[in-house]
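User: I have a new structure to look at and would like a short walk through it. Can we start with the terms?

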Amino acid sequence: SLTYAFYGGFYAVVRTDKLQFVLMFIGFVILLLSCYFEYGGISFLISNTPDFAFSIPGNLNWTFIFVWGLIALITFIDPGFYQRTFAGSSLKTVKKGIIISVLFWVIFDFMTVFTGLYALAVLPSINSSPYLDLAALILPPFAYGIFMVSLFAIVMSTIDSFSFISAFTIGKDLTALMNLKLDDEIIIRYTRLGLVITALLSIILAMYFEYAVDIWYLFGSFVVPALLIPLIAGLYRIKVKYATVVMIVPLSISIFWYFYGLAHSSGDGYPAYILGLDPMYPGVVVSLVIFIGVKGQK
């Protein structure tokens, strides 16, 4: 992933994403249909999964669920979203592309969730991951190989997109903020250097965190309070005085909240946050309060 992003840039990322899109859907269609024909449909899942599997909010609390709703708003913070939209040939094309993308993500999430429910119903225990264990149990060798390729496609499409936009941020945006006047060839060189830096940081994160979902949760808890409201204000051309304060204060509070929870963690290993609230909540509230206080000031 890093190699073709290094040599081919955005063009290579887009071209490979087309193939990866097809592969990721094929793999989960095969696994989900195999489960359906082998075990049955909804009635089987309801009868063979715990009660929380088909209840709302399940075995999670609402505060945790709403945190993930806020983390989903990272879409509007993610520079990759704007890279793709500004690369569109017209506003009509971009709007159509967003709608189609959302539709296919709904379909894909439907498949992954119901495949996970089959794993919950069928597998007595999880050895590696629900998807891998379920595929190894039910799929013949050739179909299992296709599913493995599908998983690699998902991982690669994420690696190349995030790695490239991070590298481009370092090579293009960061150098612009430093008022460095560079020609295109030098920018490409710095972008490639940014790709190497991104790769090293990613390896460190991958070694520190056991699950990717933990990375999303942790960094989302810091990024959303710091950037969501200021970015929305910028998009709607709302003038904000002390924009840096609007970003730094909520970020500092969320970080403090997180480390306080770690320092007072309970015996089960989970952080004991103040008032039982996840770090994102106080950060977003403070960001909103400060924003309202300085909104419209010149």
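Analyst: One term before the rest: contact means heavy atoms within 4.5 Å. Also note that this is a predicted model.

User: Fine. What does helix H3 pack against with its buried residues?

Analyst: The buried residues of H3 pack against helix H9 (212–235) and helix H11 (280–294).

User: Which residues of helix H3 are the buried ones?

Analyst: Helix H3 covers residues 62–72, and its buried residues are Val 67, Leu 70 and Ile 71. Seen down the axis of H3, they fall within an arc of 100°, so they line one face of the helix.

User: Stepping back, how many helices and strands does the chain have?

Analyst: There are 11 helices and zero strands.

User: And what box do the C-alpha atoms fill?

Analyst: Along the principal axes, the box is roughly 65 × 50 × 40 Å. The chain has 298 residues, of which 31% count as buried.

User: Which residues have the most contacts inside the largest nonpolar core?

Analyst: That core has 23 residues, and those with the most contacts inside it are Leu 31, Leu 45, Tyr 118, Leu 134, Leu 139 and Phe 147. The elements giving two or more residues to this core are helices H1 (2–39), H2 (42–48), H5 (91–122), H6 (130–138) and H7 (141–177). H5 gives the most, with seven residues.

User: What is Leu 45 in contact with, leaving aside its neighbours within four places in sequence?

Analyst: Leu 45 is in contact with Phe 54, Phe 114, Leu 117, Tyr 118 and Ala 121.

User: Now Ser 254: buried or exposed?

Analyst: Ser 254 has a relative accessible area of 0%, so this residue is buried. Ser 254 is found in helix H10, residues 243–263.

User: Which residues touch Ser 254, leaving aside neighbours within four places in sequence?

Analyst: Ser 254 is in contact with Ser 221, Phe 222, Pro 225, Pro 279, Met 280 and Gly 283.

User: Last topic, charges. How many positive and negative side chains are there?

Analyst: The chain has 15 positive and 15 negative side chains, and the centres of the two sets lie 22 Å apart.

Note on methods: Residues are numbered from 1 along each chain as its sequence is written. This is a predicted model: local features need pLDDT of at least 70, side-chain atom pairs count only at pLDDT 80 or more; totals for chains, interfaces and linings use all residues. Side-chain values use heavy atoms; hydrogens and water are left out. Helices (H or I, at least four residues) and strands (E, at least two) are DSSP runs, numbered from the N terminus. Buried means under 20% relative accessible area, exposed over 50%, partly exposed in between (1.4 Å probe, protein chains only). A nonpolar core is a set of buried Ala, Val, Leu, Ile, Met, Phe, Trp, Tyr and Cys residues joined through side-chain atoms within 4.5 Å. Lys and Arg count as positive and Asp and Glu as negative; His and the chain ends are not counted. The place of a charge is taken as NZ of Lys, CZ of Arg, CG of Asp or CD of Glu. The arc is that of the directions from the helix axis to the C-beta atoms.
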